[in-house]
Amino acid sequence: MASRKRIVVLGSTGSIGTQTLDVARRHPDKLEVVALAAGTRASELLAQAREFGVRHLAVGDERLAREPVAGELRDVILSEGREAAAVEGSRAASADERSEPSLGFGPQAVADLVQLPEADIVVNALVGAAGLRASYETLRAGKVLALANKESLVVGGDLIMPLAAEPGRLMPIDSEHGAIYQCLLGEDPREVTRLWVTASGGPFRGRTREELAHITPAQALAHPTWNMGAKISIDSSTLMNKGLEVIEAHHLFAMPYDRIAVVVQPQSAIHSMVEFSDGSVKAHLGTTDMRIPIQFALSYPERWDAPVEPLDFRQLGSLEFAAPDEDTFRCLALARHAGDVGGTLPCVMNAANEVAVAAFLAEEGTYLGIAECVEAVMDAHERDGVQPVESLEQLEHLDAWSRAEARTWIETKGWG
C-alpha cells in the first residue's frame, strides 16, 4: 500500500479546516494529520487532536497559553508522543522523519508548523493576511501548499508564485480556482482566451444601493448556496470575495486581467469555466460542497471516491447567468482596480477591507461603508505612491499602515 500523505492543517477549527478533517476522516488509508493550528478555539482543537492522534499543535492567541486548556493540549501531545514511540518500537522513525511533540502559542508558532520534517502537505485555511507568511514558508520548505487563504496571493502573489513554478506545488482549494485548474489539465495555456470566474451573486443579488443602506450582519451572513465563515460570507455578499478571486486567478494562471471575467451563476452549480481560442468552453460542475475541491487538492494527481453525493442534473433545473452589478457592489470594481495597478495596492485594499468587515460585523459600521472605507484607504495609498512588492516585511508594514488608516477613517466617519 502506498504511504499516506501527511498533512498540516492551519485553521483547523474553521469552515475549510473542519471540512479538510472530514476528508481525512473518510480516507484514513490515504491521509495522516500530523499537525493542527487554530486561532482561538482551543477546546475544539483539543478534540481534534485527540481524534486524529496529533503530536504538533499551535494556537494563534498567545493569551490562551495561560489558560487551563493549555495544560490539556500539552497532555494530549505528550500522550500521543508516547503511543507513537511504543508503536514504532524497533522501527522508530529517524529524527529527521518524526520530530519531538510540540505545542506553541502565537502567530509564529502557527507558521512554524510548516517546517515539520514529517509534513508533506500544508493546508493553509487561515483567515486574512495572517496566512501569507505561512504560505511563503511552506513553499520555501519544499512542501506542497494546498491554499484556501486568498490573501496569500492577493497580497503576496508576486512573492509566492516564483516559489510555486513546479506543477503540483501549489494546489488551490477555492472552488473557482480548483475548477479552473482542472479545466486546464492537459491544455495548452497559450490557447486560453478567457477565464470565467463564477459568482453566486450573494444574498443581495438584484438589490439597489438604497435597499442595502440598512443591511444587518445577520442578513449579510445568510449566504444562499455556500456554508462559509463570517468574514468570507460578508466578502461574498459585497462581491469583494469575487474581486479577490480575480486577483488570485491572475497570479495562479498567469492571466492578464482583461482576460478574466466574472459571471453571476446563482445556482452555484458551475464553479468556473475556461474559454479557448477555437471558441470551446470547458465548465467544471458539481455539488456545492467544499470537500470536493479540498479533496482534489489533497489527492492530486489522483481522484478518490467522492466525499459527497454527486450532482443529479435531472434535479438541477435551469442554469442562469448574469453580469455582476459593479456599480451597486463597488468592492468588485475596487479589487479589479487594485489588481490592474498592482504592486502594493492589493495589500492595502485587503487590509482595509478586513478592518471594515470586522467593524460591520461588530455593528460599529454600515454595510455600504465597507466599500467606502476601502476606497478611501486605497486613494490615500495611491496619493502616497504605490510601490513594487519586494519583501514580506514591506507588506507587513503596509498592512499595519492600512489597518490604522481604515480605523481612523471609521472613527472619523462616526459609524454606528
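Start by selecting S402, which sits in helix 17, residues 392-413. (Helices here are DSSP runs of H or I, at least four residues, numbered from the N terminus.) Before you go on, keep in mind that this is a predicted model, where local features need pLDDT of at least 70, side-chain atom pairs count only at pLDDT 80 or more, and totals for chains, interfaces and linings use all residues. Residues are numbered from 1 along each chain as its sequence is written, and side-chain values use heavy atoms, with hydrogens and water left out.

Is S402 buried or exposed? S402 is buried, with a relative accessible area of 0%; buried means under 20% relative accessible area, using a 1.4 Å probe and protein chains only. Now show its side chain and select V348: the S402 side chain reaches the backbone oxygen of V348 at 2.7 Å. Leaving aside neighbours within four places in sequence, S402 is in contact (heavy atoms within 4.5 Å) with V348, A351, A352 and V377.

Next stop: C347. This cysteine is buried too, at a relative accessible area of 0%. A disulfide needs a pair of cysteine sulfur atoms within 2.5 Å, and the count here comes to 0. Hop over to C373: the nearest cysteine sulfur to its own belongs to C331, 9.9 Å away, and C373 is in no disulfide. C373 is also buried, with a relative accessible area of 0%.

Now for a hole. A cavity is a set of points on a 1 Å grid over the protein atoms alone where a 1.4 Å probe fits but cannot get out, and lining residues have an atom within 4 Å of a point. There is 1 cavity of 30 Å³ or more, and the largest cavity holds about 70 Å³ of space, a volume being the space filled by probe spheres set on the points. To find it, select S175, H271, H284, I292 and P293, the closest to its centre of the 11 lining residues. Helix 7 (175-184) and helix 12 (291-299) each give two or more residues to this lining, and helix 7 gives the most, with 4.

Last, select helix 12. With 8 of its 9 residues buried, helix 12 is largely enclosed by the rest of the structure. Among those buried residues are R291, P293 and F296.

Methods:
Buried means under 20% relative accessible area, exposed over 50%, partly exposed in between (1.4 Å probe, protein chains only). A polar contact is a pair of N or O atoms within 3.5 Å; within protein, one must be able to donate a hydrogen and the other to accept it, and residues adjacent in sequence count only if both atoms are side-chain atoms. On a 1 Å grid over the protein atoms alone, a cavity is a set of points where a 1.4 Å probe fits but cannot get out, and a pocket is an open set with protein on both sides within 12 Å along at least five of seven lines; lining residues have an atom within 4 Å of a point.
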